[in-house]
Each structure stands twice: as C-alpha cells, then as structure tokens.
Amino acid sequence: TIFGFLPTLAAGQVRPGVVLRPSDTIIPRAGLWRTLGALIIIIAALSGVSAIILGNLPTAILVTIGAFIASGILVLLLSFLIWIIGRFFPSLGIVDLKISLRQMLAGRGRGATTLLALVVGVFSLSLITLFADTINNTLSTALGSASGGNVIVAMTNRNSIPQVTAALDETEGVVAYQVSQSFGGTLVSMEKPDGALLDRDAIMATIEENSNLRDTIAAFGGDPDEIDVGEIVLAGLSNLSGIDLGVTPSTAPTAILRGRDFTDADAGQPVIIFTESDNLTSAEIEVGAKLIYEFGEDASAQQITLEVIGIRQRPVINSPTSGSGTQIPLDALPSVIAPSTIQALVNIADENIPELRRTLSTVPGTFVLETAVFVQLLSSLLATFSAFPTMVALLGLVVGGVVIANSVALTTLERRREIAVMKAVGLQRERVLGMILLENGIMGLIGGLIGVGLGVLMLVILLSASGSSLSVIPFGTALLLMGLCIGVALIAATTTAWGASGEKPLNVLRSE
C-alpha cells in the first residue's frame, strides 16, 4: 500500500487525450508538489512500520529519512555512471551494441533505480558468501601451515615425549615438528625495568585504570560492574607455553616488535616472550620487566622469576608455533612443575598421516588429531549460522531480478514503435531480442562489478586492518557471483522481452 502511493498518484494524472492519441506512448507524471507530498506520506508510513521493529519512533524517522537520502544519492551516482558508459563506452563498430548503449542513455533514470535494486541484492549475497569463504580459507591456512603443522599429537604425560619424537624422526613425510607444554601459573608480582616493584594488587589496579575491557563488555550489552577486569587480564597473562628451542618449526614465528627473539643460549633460562595484546598494554608489561609467577598451591607452591626479553606481533590465530601466546623455553621451569597439556604440532605429508597414526598407536597416552577436522567442524558451524542471512540475501537478489523484469516491461512498452520499425525494415526477432538482452546484460555486469566489488573491498579493508594475508579472499567465488548477477539480469529481461520482440509490426504501426 505504501509503495503504491506514487504510481497511483501518477496514474491519476492521465488525461483522455493522452490515452486516445494512438501515435504516442506517454508515461504520466504526478508533478513536483504532488510527488513531494506523497514522499512525506511514504516516509511517515515507513517510519511507523520501522518504529515497531526498532522500538523508537524518532530513531525510526531518522533511519527512514537517512535511507531515502542515501538511496537518492546512490541513484544519482548510478545515473551518472550509466551516462558515462552510454556516452563513452566504445561500440567497436557493432551496430547492435551502439543502439543498446543509446537506449541506456535514453532510460538512465529508470535504469539507475533498477541497478540500485540489483546492486543491493548482489552486494548482500556477495558479502555473506565471500565472508564465509574467507573465514574458511583463513581457518584452513592458520590451522594448517601457518600453525606449524597439519597434525596435532596430544600426550597425557611427559614420559611419552621421547617415544613420540623418536616416531616422528623415523616416519617418512615429516617435514618439521615442535613439542610444546602449557603451564598454568599465577602472576603474583612484577619488577619493572626501572626497579619499581608492584604486587598483585598494584598490577590489578594498573589494569583497571588502563583496560578497555569494561567498555567492550558494555558495548555488547553486558554489565561491566559484574566482572573483575584485573582477574580476567591476569588469567590471560598467566598461561605459559613452553616450546622446544632446539627444533625449527615449519613456519617462521611472527616478527619481534620490541626486544629480541629466543636464541639457543636461552634454552633452560628463565626468560619469557609475550605477544602484543590489549591485556599486555593495560598491565604495562615492558621488555626488561621481571615477572614472578607462582605454580602449585599451599605448601607445594613454587615461585619462579621470568624476565621479559621480547614482544611479538600478534598472528591471525594463536598457536604455539606461530609465535602466539606467552612463550618460555621448554625446560625453563623445574621438572616438578607439571604441565597442564602436552602436544606436538607436526607438518607431515597427507599421504603419510595413516602411517604416523599406526606408529603412535603403540605409544600409551597419545592421540593424533588432524587440523582439517577442526576446519570442517568450524565450517559446518559457520554454514549453519550463515544459512538464514544467505537465504535473505538470495531473496534480495530475486527482488532485484523482479525489478529488472518490470523495468524491461515498461521499457519495451515505451519502445513498441521502435521495435516495430526495426522489424519492419528487416530485423529478425532474435536480433531485436539480442539488443534488449545486450542492454540488460551490460546493466547486470555493472551491478555485479559494483555489488561484488564493494564486498571484496570491505574484505580487503578488514583483512588489511587485521594484518592478514589477502590470499584467503575467494576471488573465484567473486567471479561466479558476478556471473550470477549477469544471469539474473538476462533471465529477468528474457521473461518480458520475449513477447515484445515477437509482436507483429502491423499491430503496432497500423495507425501510422
């Protein structure tokens, strides 16, 4: 009802002379003031509908007016783009292409609104599809080669380490591996590089002052007063990963931002390297600081002092061999401090994974996991969550196709005489239909380039801001989406142009 205001108002302006004059096909216009009044009514009505969804009438009015203004600006930009293409795109000596470009110029107002509907539909679909594929590619890369291996060997106790490493050394196809152990300690105090000594309470006070975690929780609708920011940050800084410095991982760790990296001389030394993070910044931990950790409880608790020698760049996904988390040499802690987890990340040829499974099946307390399993699991979860948005985006693309079909129907109605004249001078039905499809195919190509291009641009900006590689963007999927956009435009145009191209010239030109 709301969107029927303007067409009905325009139809009401039809004069009998226009209808009874057989030589002209004139689309009626409502006039400036009537159109402005109808737009005010439409905005008010849509604001009322939006207020039910948003729960606030002033916000709904602002959103609706903003949407109309944004749509108007986009229509003007698309109209200017159609003018540039219709005026300056080379016809390459092809008459049909030149006629199609001239027809785009003649109807660029309607073409711009049609293109807007198509761009919105294909942009929504491309953004969801490309984003999902990019996440899958990122997970595959990060959990595969970027994490240092495609197989994780989990161990329940340290006694299995010699047997596991011996098996890895003997198995064919093993490119590299690295053993790591995780320790859960408690940060009790810190000596800063200037000699200032902070106890746990002082560190927590520093974190409370600097951390933006409370603002983040409030932004997501949580209650920041119900959390202890200091405890959360200290817990994240107290999980240590011991790595074997004598083994070279298959993928180089991330770069050192401040300080230095581990060397062979650090084996067995009480040194520590952090990854750059908001938690590290809020605790004001710097290179040269000495951190006192406590392991164990009650009478068996031991305190170990670890000196910060470096701070790494943050990787895409945290894993021990990609240079993430809080790292110490594998034997930096006394043997009486038991690790919480023990694992070896292995880079091995896919065809040799079954052999490795058989070899390690004889080692008690070992479990072999492929990182591809995690990728498949996360991909399935992602597909589940993205199914509904994808369906909505597909419906948006269908709406764009319907708008194209309506636009072509109106265009062919206005061009009945032109089509009849072309057929009267000898053009076949297929050639007339081809010119109409060529015109709408160009519109579909423009819509695909803009819609998919904007989706790819947003992914590039997002990945660049996070420091990720652009190689994970599925450019092949982007090309398929552009082809889908062109296909939708051609199918929609064919459904209405087929009948118009087959109409007999005599039926149109009888009154001439």
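Of the chain's 512 residues, 39% count as buried, meaning under 20% relative accessible area, with exposed set at over 50% and partly exposed in between (1.4 Å probe, protein chains only). This is a predicted model, in which local features need pLDDT of at least 70 and side-chain atom pairs count only at pLDDT 80 or more, while totals for chains, interfaces and linings use all residues. Residues are numbered from 1 along each chain as its sequence is written, and side-chain values use heavy atoms, with hydrogens and water left out. Take the contacts (heavy atoms within 4.5 Å) between residues at least 6 apart in sequence: 77% of them join residues at least 24 apart.

Now for the helix pairs. Two packed helices are described by the angle between their axes and the distance between the axes. Helix H3 (residues 32-54) and helix H4 (residues 57-88) have axes that come within 8 Å and cross at roughly 130°, which makes H3 oblique to H4. Axes here are lines fitted to C-alpha atoms, for helices over the stretch in contact, and angles run from 0 to 180 degrees between N-to-C directions. Angles under 35 degrees count as roughly parallel, over 145 as roughly antiparallel, 65 to 115 as roughly perpendicular, and the rest as oblique. On the H3 side, the residues that meet H4 include Leu 39, Ile 42, Ile 43 and Leu 46; their partners in H4 include Ile 61, Val 63, Ile 65 and Phe 68. Sorted by type, the residues of this contact of H3 with H4 are 12 nonpolar, 4 polar and no charged. Ala, Val, Leu, Ile, Met, Phe, Trp, Tyr, Cys and Pro count as nonpolar, Asp, Glu, Lys and Arg as charged, and the others, Gly among them, as polar.

Helix H8 (residues 200-210) has its buried residues at Ile 203, Met 204, Thr 206 and Ile 207. They sit on the same side of H8, because they cover an arc of only 155° around the axis, taken from the directions from the helix axis to the C-beta atoms. Asp 201 and Glu 209 are exposed, on the face turned away from the buried side of H8. The cover over the buried residues of H8 includes strand E3 (186-191), strand E4 (197-199), helix H10 (229-237) and helix H11 (278-282). With H10, the axis of H8 comes within 8 Å and crosses at roughly 105°, so H8 and H10 are roughly perpendicular to each other. Among the residues making this contact are Arg 200 and Glu 208 of H8 and Glu 231 of H10; overall, the contact of H8 with H10 divides into 6 nonpolar, 1 polar and 3 charged residues.

Next, Tyr 293, a residue of strand E8 (residues 290-295). Tyr 293 is buried, at a relative accessible area of 0%. Beyond its neighbours within four places in sequence, its contacts include Thr 186, Leu 187, Leu 237, Phe 274 and Ile 304. Met 190 is 103 residues away from Tyr 293 along the chain, yet their C-alpha atoms are separated by 9.0 Å.

Finally, a look at backbone angles. Most residues other than glycine have a negative phi. Leu 92, although not a glycine, has a positive phi of about 60°; Leu 92 belongs to the loop between H4 and helix H5 (95-106) and is exposed at 68% relative accessibility. Glu 284 likewise has a positive phi, near 55°. Glu 284 lies in the loop between H11 and E8 and is partly exposed, at 33% relative accessibility.

Note on methods:
Helix = DSSP H or I, 4+ residues; strand = E, 2+ residues; numbered from the N terminus.
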